[in-house]
Amino acid sequence: MPHIFLYLVPCILCRGNGINQIFAVLKSHSKKVNQRKEEVKVISPLVVPRSSCLNTSLTMTVSGKYPAKAHALNVYNHFKTHSKITSPVGFFLSGESYEFWEYSDQTKPIRQNRYFFYLSGVSIPGSHVFYDSESDSLTLFLPEVDEEDVMWSGLPLSVEEAKSKYNVDHVKYSDKIEKELSSFKGKKIYTTSLNKNNEKYSSLLTADDKSFFYALDESRLIKDSYEIELMRKAAKLTDNCHLAVMSALPIEHNESHIHAEFMYHALRQGSKYQSYDPICCSGENCSTLHYVKNDEDIAPTRRSVLIDAGCEWECYASDVTRCFPINGEWTKEHLEIYKLVLKMQSSASETAKPGALWEDLHLHAHKVLIEGFLELGIFKSEYTVEELFKAKVSARFFPHGLGHLLGMDTHDVGGYPKYDDPDPLLQYLRMRRTLQAGMVITNEPGCYFNPFLLDEVLNGELIKYINKDVLDKYWYIGGVRIEDDLLITEDGYENLTGITSDPEEISKIIKKGLERAAADGFHNVV
Ligand SMILES: [Mn+2]
């Protein structure tokens, strides 16, 4: 609840002399503002987006500025090729702005618009950016300064500060937008879709253009070295969080404790936002792919744990899943399935390189699963791998895709999934194209024993392929998924994920953690 903090703390500080100091700062700031602007428009703080920056407390560890101008030019080049329009055009994108909960003065959590961030590198809510292809110039529009809000949210970034911080040619306040866009006469100005942040300028904009979306997505598909550094950073923080979770079993008796341990270490490392809601499950709950309830006790009978969680760094994601036994001792069945999923994963990474079709890697992972199930006796040995593959019976044990593109979004743009594909083996594959150097993709095979998903198998024609007695030994595991983030390189891939997935090493980490008593050396106070 960060916004409660922002609103309440100043109220407490406003007692006594504190209020005079705040107004002194406000007064001096007001002078500066008036120098910059002829007229300062004072609007009620309840309708004005606060101008504090997201991630302000984070230290940039990636040197240089976010390459917004290179991104804009890249988008323009893709746009020209796709639309065949060679005359000058403009791109206008609006960032997210604060919005209040209904009947409340608390703001909704905010997540920067990814397309806007891609062309600006700016997290400040209420900002806009304009690219003019003719002059190859990028203009950032900051939200107008609201004096009253300074008391609550602090001083906003000045024009000069923004100019030196961001890779843009000009910085202006948003009251200049209309004039700026109107002067772009006779040329089309493209935006994504009309929404609350840009509808004010709708008469000047061309929205929902397919070529513009295509250009943005194709550009975001291939990460430049700056973006890769941000993703390396996100991946490193995530490694540390997963290691912390595996090391702290003495204080993890509930799924929420696993969640808490991950978040504690993410926040301590400066990652305030997660790429997605962490999935922390145990036992049969591991069979629910996007389980986010994260609140059940981890009883001794629930020996398997699955955590799928990733830190975000400067709007860039990581996405990692690890599984382990709660006491460090793998059960026979858990280890069998774990090793099988590991084999599916390595079979995919071995062939991951530019030119490889992602569908092929995904379908090959299914074949590895089928071979494994034949060896374990879950599938009847009178059937061949090909027969079982054609019957598509593995889709109920591995229902999701092998992996998806990763970038600013966890399921990043450019994958062109076909959710209406009638083939159950491919329906949920979120990447339907060949790999290219510069893509970042998750490699995340899984194997699940989900009663709901398998109901059709157990009570239909597909039961003929299954040894029910053998299958029954595996339900308690719930499921296993192993997920790493791969950067596709010119000659293969680089694994951005460093946390071990070796079952013996994981076992050692857990046992070492368990040797420490709950009250000895852990930070928990409740
Ligand atoms: Mn994923």
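Figure 1. Leaving aside neighbours within four places in sequence, Ala-234 is in contact with Cys-311, Glu-312, Trp-313, Tyr-316, Ala-317 and Ser-318; two residues are in contact if their C-beta atoms, placed from the backbone, lie within 7 Å. The model is predicted: local features need pLDDT of at least 70, side-chain atom pairs count only at pLDDT 80 or more, and totals for chains, interfaces and linings use all residues. Residues are numbered from 1 along each chain as its sequence is written. Ala-234 is found in helix α9. Helices (H or I, at least four residues) and strands (E, at least two) are DSSP runs, numbered from the N terminus. Ala-234 counts as buried because it has 26 C-beta neighbours inside 10 Å. A residue is buried if 20 or more other C-beta atoms lie within 10 Å of its own, exposed if 12 or fewer, and partly exposed in between, with C-beta atoms placed from the backbone. Ala-234 and Cys-311 stand 77 residues apart along the chain, yet their C-alpha atoms are separated by 5.6 Å.

**Figure 2. Packing of helix α9 against helix α10.** Helix α9 (residues 225-247) packs with helix α10 (residues 255-268) at an angle of about 140°, and their axes are 8 Å apart. This angle makes α9 oblique to α10. Axes are lines fitted to C-alpha atoms, for helices over the stretch in contact, and angles run from 0 to 180 degrees between N-to-C directions. Angles under 35 degrees count as roughly parallel, over 145 as roughly antiparallel, 65 to 115 as roughly perpendicular and the rest as oblique. The crossing of α9 past α10 is right-handed; a crossing is left-handed if the near helix is turned anticlockwise from the far one by less than a right angle, and right-handed if clockwise. From α9, Leu-237, Asn-240, Cys-241, Ala-244 and Val-245 meet Ile-258, Glu-261, Phe-262, His-265 and Ala-266 of α10. By class, this contact of α9 with α10 has 7 nonpolar, 2 polar and 1 charged residues. Ala, Val, Leu, Ile, Met, Phe, Trp, Tyr, Cys and Pro count as nonpolar, Asp, Glu, Lys and Arg as charged, and the others, Gly among them, as polar.

**Figure 3. Helix α10 and its cover.** The 14 residues of α10 reach 20 Å from the first C-alpha to the last, close to the 20 Å expected at 1.5 Å a residue. The expected span of a helix is 1.5 Å times one less than its number of residues. The buried residues of α10 are Glu-255, Ile-258, His-259, Ala-260, Glu-261, Phe-262, His-265 and Ala-266. Their cover includes α9, β6 (279-282) and β7 (304-309). Just after α10, Gly-270 takes a positive phi of about 95°.

**Figure 4. Packing of helix α9 against helix α16.** The axes of α9 and helix α16 (residues 503-515) are 7 Å apart, and the two helices pack at an angle of about 60°. The pair α9 and α16 is therefore oblique. Leu-243, Met-246 and Ser-247 in α9 meet Ile-506, Ile-509, Ile-510 and Gly-513 in α16. The residues of this contact of α9 with α16 divide into 5 nonpolar, 2 polar and no charged.

**Figure 5. Helices α11 and α12.** Helix α11 (residues 332-350) and helix α12 (residues 358-376) cross at roughly 150°, and their axes come within 9 Å. That makes α11 roughly antiparallel to α12. The crossing of α11 past α12 is right-handed. Glu-336, Leu-340, Lys-343, Met-344, Ser-347 and Ala-348 of α11 make the contact with Leu-361, His-364, Ala-365, Val-368, Leu-369, Gly-372 and Leu-376 of α12. The contact of α11 with α12 comprises 8 nonpolar, 3 polar and 2 charged residues.

**Figure 6. Val-470 in helix α15.** Val-470 lies in helix α15 (residues 468-471). Val-470 counts as partly exposed because it has 15 C-beta neighbours inside 10 Å. Not counting residues up to four places away in sequence, Val-470 touches Leu-376, Gly-377 and Ile-378. From C-alpha to C-alpha, Val-470 and Gly-377 are 6.5 Å apart in space, and they are 93 residues apart in sequence.

**Figure 7. Helix α3 and its cover.** The 16 residues of helix α3 (residues 68-83) should span 22 Å at 1.5 Å a residue, and the end C-alpha atoms of α3 are 22 Å apart, which agrees. The buried residues of α3 are Ala-68, Lys-69, His-71, Ala-72, Asn-74, Val-75, Tyr-76 and Phe-79. Among the elements that cover these residues are β1 (90-94), α4 (114-118), β2 (128-132), β3 (137-142) and α8 (210-221). Just after α3, Lys-84 takes a positive phi of about 65°.
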